Number of protein chains: 2
Amino acid sequence: MINKDNLIERLIAQNNQKILLLVMDGVGDIPHKDFGKKTPLEYAITSNIDKLARDSVMGRMIPVLPGVTPGSGPGHLGLFGYDPLQYQIGRGMLEALGLSIDIKDGDIAMRCNFASADDNGIITDRRAGRISTDKCEELCSLIGDAIKEIDGVQIIIRPSLQHRFVVVFRGKNLCDMLTDSDPLSEGKEPLEVRALDEKAEFTAKVANQFYQGVRRVIKDLKPANSILMRGFSARPRIPTMMDRFKLNSVCLATYPMYKGLSKLVGMTVIDEAGNNIEELFQKYNDLHNKYDFFFIHVKYTDSNGEDGNFVGKSKIIEEVDKALPILLEKKPNVLCITGDHSTPAAMKSHSWHHIPVMINSDYCGADGAARFTENQCNNGGLGTFESKHLINYLLANAMRLNKYGA
Amino acid sequence: MINKDNLIERLIAQNNQKILLLVMDGVGDIPHKDFGKKTPLEYAITSNIDKLARDSVMGRMIPVLPGVTPGSGPGHLGLFGYDPLQYQIGRGMLEALGLSIDIKDGDIAMRCNFASADDNGIITDRRAGRISTDKCEELCSLIGDAIKEIDGVQIIIRPSLQHRFVVVFRGKNLCDMLTDSDPLSEGKEPLEVRALDEKAEFTAKVANQFYQGVRRVIKDLKPANSILMRGFSARPRIPTMMDRFKLNSVCLATYPMYKGLSKLVGMTVIDEAGNNIEELFQKYNDLHNKYDFFFIHVKYTDSNGEDGNFVGKSKIIEEVDKALPILLEKKPNVLCITGDHSTPAAMKSHSWHHIPVMINSDYCGADGAARFTENQCNNGGLGTFESKHLINYLLANAMRLNKYGA
């Protein structure tokens, strides 16, 4: 029995063909009753994408499992060819990536809240009255100055929004198999962090010392005079896209989390990828010769979806459409347009709905669809498949997969 | 690696949303040459279903594996979210359920035939000339009066149609790993029942004593003076829908087998669910507030298919359509219309053809299909998927699944 899980790796061929994966975050949607029962892809005027659609093959992707709504981590891992059930990114690690912390192997990241406690340390507000982000920055800097190291473990503190911040432990023999200190309700003391495995006992000790240390620094600074720690997580061990697919890959994204996710799979991340969609696309032209695989991430389709802004989401799709000719200047051999999940404007959240996907190449085949929409994708030649298999199609269209068997 | 098999259970959220699964048994079909190459779903006039279809998402389901025709057991287990390859219901157990025997944990059920034997016990007719059902009832009662218990094992006997009956052993230390006594051809004596495992030796002894006991009672009563035993089976150990999906579920069915199947997965079974489709649907209205998940079973689409009665099958679909507004009075949050398998009238049997399925909810998405038919379902947003994943979509549409990953 052939191992299905590494068949693709064993069939890899190398050449100079360029693969461009254009992700409109959360682009998939459902018909909206206030907009003629159309989806944003249907509602948007997209003459450039339409033109490409006629010569493309389409399908719909299941990000994780039927009916399962993915977070951004699993959504993107699937697009990069990594089974999101096999590779998991802990909550603390994802937050750390989102804050541009340069994560090293062996690091343990956690999400923290500033909280309010009474004189006995009992939590009276798990979010410290949602202090301002400015206040959070000030407190993080205070703690960072006071606690730089515990038992040889470097402590990295980074403020996020309002009461939220992230801490990274950097050192030897760290392990993330730890319980949270967050008691999940007020009226209780923060819980002691406990090791779920012998290997994590040292890290638990560091975490508990960190809590005590923080308390010493801020216990008189109401309302934020305590902290809660959650989601301890290590950098997952993920083979790179070079290791697996022999792809020299690059990430063109503006949001830290997507840059961080790309780093996890070994992509080169361009720091200043552009301030708008046109600049982002232009960056591809600039780098065309330097890489094999280009991941271009457009964030605001998702943000508008999350805000319930149907028209806003449609407008971002139109912006992408308008800028598309830039991507076509130095024609990529394979151009894929898709999302990492659906974010229906009517739901204001990520959803389980299958993701529309379109692949264009000289040999992609074509469904004869007039447009790139969810329902056209239902009838596409790629059918409905799990996102983790998208990479197979991209590699195949780039002539980067050898034949299996004689 | 996340265990794919229990991911759904780990993502379950609870709320008050109502899921209604309306199963038209065997509804899927193929075009019939005598009826304008239409299927019964295409041939039937279904204005209410059509109206719902326009705002629904559709797809086609594979009951077990591509090309595999399921029995009613695997067909329904799939719909309830149970992998029919993981959970198997033995033939004897299924027959027992079909005869409304209230099965307990530890029971062993078997299918029996009355047979004709010569003076040496050699079988001369494996079906005893297909004696009447009345005769069968008479014989079962005779045996039941004579043999109530063997070595502490209670013997439950229940007549079925013609020469068929079911026996259940109830007691301690029973095991179903037994060979059949049916020699499968005439001119042979019934085989001794043998244990396939040490644990089953006691049960084999009971089975062989049962055969001897029956012979003593009926050996002079020609033509039915012997018996054959087949399909020894225990109640499968199946976690309930409450355990797995936190669904308080109820079965509205008229046929015993479907009630029995529902009991196996922990559904409450309503004894008098209604004498016709309208009453069945009205029962949902009566119970709307009491349960989360309603399984409504309409039998006669399948029976007509089995009889090759194309028009009859279409008429049942029209009856369902006519009664549909009753189901919509107390709008269920999620309404799914489907079958457990296909039963093409032209084939007069269950078949492997994918099952048409349609899901309606506020956030289902919609394919813009004009009708609910096999070919419209081919273009649906759900694509083609295994029946066992239907529950994922039903839970997702009821907002009963949390997001996976951050």
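Is A:Lys348 buried, exposed or partly exposed, and how many C-beta neighbours lie inside 10 Å of this residue? A:Lys348 has 13 C-beta neighbours inside 10 Å and so counts as partly exposed; to be buried, a residue would need 20 or more. Please keep in mind that this is a predicted model. The tour below begins with chain A as a whole, moves on to the pairing of chains A and B, and ends with a few individual residues.

**Chain A as a whole**

- Chain A is built from 14 helices and 14 strands.
- Its radius of gyration is 23 Å, close to the 22 Å that the globule rule gives for 406 residues, so chain A is as compact as a globular protein of that length.
- Along the principal axes, the C-alpha atoms of chain A fill a box of roughly 70 × 55 × 40 Å.
- Of the 406 residues in chain A, 52% are buried.
- Among the contacts in chain A with a separation of 6 or more, 71% are made by residues 24 or more positions apart.

**How chains A and B are related**

- Chain A can be superposed on chain B by a rotation of 124° with 0.0 Å of shift along its axis, and the RMSD is 0.2 Å.
- That is the relation of a three-fold axis.
- The residue of chain A that comes closest to the rotation axis is A:Asn379, at 3.1 Å for its C-alpha.
- The two copies use different surfaces, as 9% of the contact residues of chain A recur in chain B.

**The contact between the chains**

- Chain A brings 34 residues to the contact, and chain B brings 26 residues.
- On the side of chain A that touches chain B, at least two residues each come from helix H4 (72-79), helix H5 (91-98), helix H13 (374-378) and strand S14 (383-386).
- H13(A) gives the largest share of that side, with 3 residues.
- By class, the residues on the side of chain A that touches chain B are 16 nonpolar, 14 polar and 4 charged.

**Helix H14 of chain A**

- Helix H14 (residues 390-397) of chain A has 6 of its 8 residues buried, so this helix is largely enclosed by the rest of the structure.
- The buried residues of H14(A) are A:Leu390, A:Ile391, A:Tyr393, A:Leu394, A:Leu395 and A:Asn397.
- After H14(A) comes A:Met399, which has a positive phi near 60°.

**Two helices packed together in chain B**

- In chain B, helix H6 (residues 133-146) and helix H7 (residues 201-218) pack at an angle of about 115°, and their axes are 10 Å apart.
- The crossing of H6(B) and H7(B) is right-handed.
- From H6(B), the contact is made by B:Leu139, B:Leu142, B:Ile143 and B:Ala146, and from H7(B) by B:Val214, B:Val217 and B:Ile218.
- The contact of H6(B) with H7(B) has 7 nonpolar residues, with no polar and no charged ones.

**B:Val298 and its surroundings**

- B:Val298 sits in strand S11 (residues 293-298) of chain B.
- This residue has 27 C-beta neighbours inside 10 Å and therefore counts as buried.
- Leaving aside residues up to four places away in sequence, B:Val298 touches B:Val23, B:Met24, B:Asp25, B:Ile277, B:Ile316 and B:Val320.
- B:Val298 and B:Gln154 are 144 residues apart along the chain, and their C-alpha atoms are separated by 35 Å.

**Backbone details in the loops**

- In chain A, the peptide bond from A:Lys222 to A:Pro223 is cis, with omega near 5°.
- A:Pro223 lies in the loop between helix H7 (201-218) and strand S8 (226-234) of chain A.
- In chain B, the peptide bond from B:Lys222 to B:Pro223 is cis, with omega near 5°, and B:Pro223 lies in the loop between H7 and strand S8 (226-234) of that chain.
- Back at the residue of the opening question, A:Lys348 is not a glycine, although its phi is positive at about 55°.
- The loop that holds A:Lys348 runs between strand S12 (334-338) and strand S13 (355-360) of chain A.
- B:Asn173 is a residue other than glycine with a positive phi, near 60°.
- B:Asn173 is found in the loop between strand S7 (164-170) and H7 of chain B.
- With 12 other C-beta atoms within 10 Å, B:Asn173 is exposed.

Terms used
Residues are numbered from 1 along each chain as its sequence is written. Chains are lettered from A and ligands numbered from 1 in the order in which they are written. This is a predicted model: local features need pLDDT of at least 70, side-chain atom pairs count only at pLDDT 80 or more; totals for chains, interfaces and linings use all residues. Helices (H or I, at least four residues) and strands (E, at least two) are DSSP runs, numbered from the N terminus. The radius of gyration is taken over C-alpha atoms; the globule rule is 2.2 Å times the number of residues to the power 0.38. Two residues are in contact if their C-beta atoms, placed from the backbone, lie within 7 Å. Axes are lines fitted to C-alpha atoms, for helices over the stretch in contact, and angles run from 0 to 180 degrees between N-to-C directions. A crossing is left-handed if the near helix is turned anticlockwise from the far one by less than a right angle, and right-handed if clockwise. Ala, Val, Leu, Ile, Met, Phe, Trp, Tyr, Cys and Pro count as nonpolar, Asp, Glu, Lys and Arg as charged, and the others, Gly among them, as polar. Copies are superposed by least squares on the C-alpha atoms of residues with pLDDT of at least 70 in both.
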